[in-house]
Amino acid sequence: PDTDVAQSTRAEVFTFVESELLSALGVTRAGIIAGDAPTSFGSNQNAYRVSEFGAMGLLSKLYLNAEAYIGTAMYDAAYAAADYVIENGTMYSLATAASYSVASAGRTSDFKVPNLGRLNPNSVPAREEGNIYTYEELEGYTAMFAANNESNPEFIWSIEFDDVTAGGMNFSMMTLHYGSQFTWNFTAQPWNGYASLEEFYNSYEDGDARKANNFIVGPQKDYGGSALNDFAADDTGGIVLDYTPAINELEPNALRQSGARLGKFSFQQFGRPDQSNDFPIVRLGDVMLMSAEAQMRAAGSWSHAPALALVNAVRTRAGVSAFSSMTADEFLAERGREMFQESSRRTDLIRFGKYSSGTWWEKAASPAHKTLFPIPFDAIQSSTGLSQNAGY
């Protein structure tokens, strides 16, 4: 407060973030590339605090984007930081289901939790395919994002959310139609908000465990299995609430049947407006994909064999077939399917040169300056040292 500062360049911000992390880890960038071990932050690997593995994961993210941030490629450093986590973070494993166990250097861990969002087992058939809310237990990828996901083996650094003591996670309110309150007996009515685009929903193969987990589609039912009706409907399509992927809308107050709704961070019965699902900042599956991308870019080949093996370990966990080769577009699409709803897509699109030039649904190509956010007007007004980023 009451302090005015000069405006920083992107390079200065990059250097600051890197230097803070390297200082805490007791290593240099050259040392990371050479394989030097960072300083341990202690034996208590608490996912709610940054361990040395969380810090190395952050450095890998920074280095992977260095070319986009400051114009200097640092893929060797991105790979080395990610590889350190993969090789030395032996307490972390891909959270797999028993039916999708993978052998990735012995790094697997079957992970199951009770399904806190389960529909009435006395009225709804068990394991109705495509509806995880009929399952008794959640496994692997689905369990990793559940309301009781705090013990999963994949999160390296995560944000703790709790419906009573640590609020702020409210995807259920953001995405679901008002009537879905009666599916999960929520204590408050959802806001009828955001849905996914049909093109993205269809990019998942049938049988992909992530597709069943990440989206809520089709005719909706209440807790007891009866059709969920919207008696305020004023169209000719009937009154059953039916989340239809082919209806694209990206705005609040959407049509009641519009879009595949966002269900990756699954819901629980009698849930409050705030959810208890922990949110990952660094997790092993992401680190594996970062390592793969850095290797592919450094090698000049998107089919670089060691990197492809990491991608295929993630795909095998999802229950889909392995790639024998890849293109840059295929890798970006696979990363999108795995990392959906984890706040990485904008950064990924910029790194791949797809953000400004990319078009989808109703989005036209954007001016190049949109790869930087504008500086908030209030910040500029209260400062003598800040000027708006070019183009705004």
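1. Some ground rules before the details. This is a predicted model, where local features need pLDDT of at least 70 and side-chain atom pairs count only at pLDDT 80 or more, while totals for chains, interfaces and linings use all residues. Residues are numbered from 1 along each chain as its sequence is written, and side-chain values use heavy atoms, with hydrogens and water left out.

2. Start with the nonpolar cores (sets of buried Ala, Val, Leu, Ile, Met, Phe, Trp, Tyr and Cys residues joined through side-chain atoms within 4.5 Å). The largest has 51 residues, and Leu 59 and Phe 331 have the most contacts inside it. At least two residues each come from α1 (10-25), α3 (52-64), α5, β5, α11 (284-299), α12 (305-317) and α13, with α5 giving the largest share, 9 residues. Helices here are DSSP runs of H or I with at least four residues, strands are runs of E with at least two, and both are numbered from the N terminus. A second, separate core of 29 residues includes Phe 111, Leu 241, Phe 265 and Phe 279.

3. What does Leu 59 touch, leaving aside its neighbours within four places in sequence? Glu 18, Leu 21, Leu 22, Leu 25, Ile 32 and Ala 81 are in contact with Leu 59, where contact means heavy atoms within 4.5 Å.

4. Ala 78 is found in helix α5 (residues 75-88). Ala 78 counts as buried because its relative accessibility is 0%; buried means under 20% relative accessible area, exposed over 50%, and partly exposed in between, with a 1.4 Å probe and protein chains only. Beyond neighbours within four places in sequence, Ala 78 is in contact with Ser 60, Tyr 63, Leu 64 and Ala 294.

5. Arg 337, in helix α13 (residues 328-339), deserves a look. Is this arginine buried or exposed? Arg 337 is buried, with a relative accessible area of 9%. The side chain of Arg 337 makes a polar contact with the side chain of Glu 334 at 2.8 Å.

6. Now the rings. There are 21 aromatic pairs, counted when ring centres of Phe, Tyr and Trp (its six-membered ring) lie within 6.5 Å; planes under 30 degrees apart are stacked, over 60 edge-to-face and the rest tilted. Tyr 133 and Trp 184 pair edge-to-face, 4.9 Å centre to centre with 75° between the planes. Both Tyr 133 and Trp 184 are buried. Another edge-to-face pair is Phe 145 with Phe 265, at 5.2 Å and 75°. Phe 145 lies in the loop between α6 (140-144) and β5, and Phe 265 in the loop between β10 (260-262) and β11, so this pair ties together parts 120 residues apart in sequence. Ring pairs also link Tyr 141, Phe 145, Phe 155, Phe 171, Phe 265 and Phe 279 into a cluster.

7. Last, the strands. β5 (residues 155-159) and β11 run antiparallel, joined by 4 bridges; strands pair if DSSP finds at least two bridges between them. Ser 158 has Pro 280 as its bridge partner in β11. How many of the 5 residues of β11 (residues 279-283) are buried? The count is 4, and the strand is mostly covered.

Definitions and conventions
A polar contact is a pair of N or O atoms within 3.5 Å; within protein, one must be able to donate a hydrogen and the other to accept it, and residues adjacent in sequence count only if both atoms are side-chain atoms.
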